[in-house]
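Please look over the sequence and the model before you read on. This briefing goes topic by topic.

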Amino acid sequence: MIDYSQIPSPCFVLEEAKLRTNLKLIDSVQQQAGVQIILALKGFSMYSAFPLVKQYLSGATASSLNEIKLVNEYLGVQAHTYIPAIRDDEFDEVLERSSHLTFNSLSQWERFKNRAIGSGVSCGIRVNPQYSEVATDMYNPCVPGSRLGVTRNLIGDRLPDGMEGIHFHTLCENDSYTLERTLEALESRFSDLLHQARWVNMGGGHLMTREGYNTEHLIGLLKAFREKYQVEVILEPGSAIGWQTGVLVSSVLDVVDSQGIQVAILDTSFAAHMPDTLEMPYKPRILNSYHEPVSGKPTYRLGGMTCLAGDFMGDYSFDKPLQIGDKIVFDDMIHYTMVKTSTFNGVNLPSIGIWQEDGTFRLVKTYGYESFKDRLS
């Protein structure tokens with residue numbers, strides 16, 4: 001149990017024990033299914049926790065040269081790399097630092113294949129099975145006109161010479177039954193090419209650490225697919241690693257009456273520090289609060305500290321009126337949140353800390369003016 005009196009504000013706090021629990025479950029799935037599950041840095045790049053991650057996962061996937069370098073430096077392995085479009089001046093270093101490289105298009109493959117073939121890097125192509133159950137278009141890679149992956153009409157009846165893998169990623173915090181239907185769509189279009197592949201990367205979005213997820217069903221799917229096509233199977237979940245492993249601690253700076261609506265202004269920002277809440281959108285849960293307004297209880301709209309008019313979230317009820325200095329703790333703010341923060345309006349980034357398994361708090365990093373200045377010129 002976190003002692004919030006020890007936590008500076010604002011601060012992301014990872015609970016080490018909860019991360020280990022997730023990693024143990026994920027490792028159990030990969031061992032029973034005979035697959036490789038790797039860390040997706042786009043969802044969890046907290047490298048201070050990588051020593052723990054390394055105990056359970058043997059690899060990581062990256063989508064930029066900077067992420068690749070982080071994988072090399074802090075996990076000590078070559079990266080599984082997928083970049084939608086690779087810069088020519090970065091390609092050789094990307095190749096040098098990767099074990100697997102998925103190309104997004106056949107034109108990128110044609111441009112770089114002579115440098116890739118013979119390098120020792122295992123190359124693949126991302127395909128678009130034209131099936132996804134992701135409701136929000138911003139997160140759906142299969143919308144018409146998607147730039148992500150190659151549709152079947154663009155590929156012949158053979159994988160290009162020099163390619164060994166097929167990669168797809170169409171899930172977003174989905175369950176194993178969504179994966180089952182996705183595999184049916186994939187096989188209906190690409191079955192012949194799957195038989196030619198050495199490995200198949202099923203991307204991310206497999207939220208196997210969510211309560212109620214049927215891991216036995218997932219294991220069965222993965223084993224059957226692996227045996228049917230005689231391929232290595234790779235999964236690269238983003239949310240599942242850091243799911244429910246930590247919080248964002250903030251504090252009330254002011255309480256104002258806005259035309260009869262009570263607004264609590266915080267020392268954090270939805271726009272700068274929790275952008276997914278506005279993009280997805282979704283309403284984050286707050287510890288010791290009511291997720292929806294309750295008649296008769298103190299109710300507040302929560303505002304961020306930037307001057308963006310839309311930097312707010314509402315409305316929540318509490319058992320007692322909020323006071324300046326009260327802690328507001330946003331639950332489940334480790335995956336896909338820290339990686340998206342910005343210093344918009346010059347606001348400081350939240351600190352980062354770990355609530356360790358021995359019940360002590362370790363402040364990992366704080367930010368100030370230099371972090372803001374370094375992003376500008």
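Where does Pro10 lie? Pro10 sits in the segment before strand E1 (11–15). Keep in mind that this is a predicted model. The protein divides into domain 1 (4–12 + 246–333 + 341–374) and domain 2 (34–241).

**Backbone details**

- Most residues other than glycine have a negative phi, and most peptide bonds are trans.
- Ser9 and Pro10 are joined by a cis peptide bond, with omega about -5 degrees.
- A cis peptide bond also joins Met280 and Pro281. Its omega is about -20 degrees.
- Pro281 belongs to the loop between H10 and strand E13 (299–303).
- Glu173 is not a glycine, and its phi is positive, near 55 degrees.
- Glu173 is part of the loop between strand E8 (163–167) and H6.

- The C-alpha centres of domain 1 and domain 2 are 34 Å apart.
- Nine residues from domain 1 and seven residues from domain 2 take part in the contact.
- The size of an interface is often given as the accessible area lost when the parts come together.
- Here, the area buried between domain 1 and domain 2 is about 620 Å². Carbon and sulfur atoms give 62% of that area.
- On the domain 1 side, Glu279, Met280 and Ile354 lose the most area to domain 2. Together they account for 61% of what that side buries.
- How many salt bridges does the rule find across the interface of domain 1 and domain 2? It finds zero salt bridges there.
- Between domain 1 and domain 2, three residue pairs are in polar contact.
- Helix H10 (276–279), strand E16 (351–355) and strand E17 (361–365) each give two or more residues to the side of domain 1 that touches domain 2.
- That side of domain 1 has four nonpolar residues, one polar residue and four charged residues.

- Strands of a sheet pair through backbone hydrogen bonds, either parallel or antiparallel.
- E3 and strand E4 (residues 60–62) run parallel and are joined by two bridges.
- Look at Ala40 for an example: its bridge partner in E4 is Thr61.

**Glu187 and its contacts**

- Glu187 is in helix H6 (residues 176–194).
- Which residues does Glu187 touch, not counting residues up to four places away in sequence? Glu187 touches Leu194, Phe225, Lys228 and Tyr229.
- The side chains of Glu187 and Tyr229 are joined by a polar contact of 2.4 Å.

**Salt bridges**

- The salt-bridge count comes to 21 by the rule used.
- One of these salt bridges is between Asp92 and Arg115. Their closest N and O atoms are 3.1 Å apart.
- This pair links distant parts of the chain, 23 residues apart. Asp92 is in helix H4 (residues 88–96), and Arg115 is in helix H5 (residues 106–116).

Note on methods:
Residues are numbered from 1 along each chain as its sequence is written. This is a predicted model: local features need pLDDT of at least 70, side-chain atom pairs count only at pLDDT 80 or more; totals for chains, interfaces and linings use all residues. Side-chain values use heavy atoms; hydrogens and water are left out. Domain bounds come from an automatic or database domain assignment. Contact means heavy atoms within 4.5 Å. Buried area is the accessible area (1.4 Å probe) that two parts lose on being put together, summed over both. A salt bridge is a side-chain nitrogen of Lys or Arg within 4 Å of a carboxyl oxygen of Asp or Glu. A polar contact is a pair of N or O atoms within 3.5 Å; within protein, one must be able to donate a hydrogen and the other to accept it, and residues adjacent in sequence count only if both atoms are side-chain atoms. Helices (H or I, at least four residues) and strands (E, at least two) are DSSP runs, numbered from the N terminus. Ala, Val, Leu, Ile, Met, Phe, Trp, Tyr, Cys and Pro count as nonpolar, Asp, Glu, Lys and Arg as charged, and the others, Gly among them, as polar. Two strands pair if DSSP finds at least two bridges between them.
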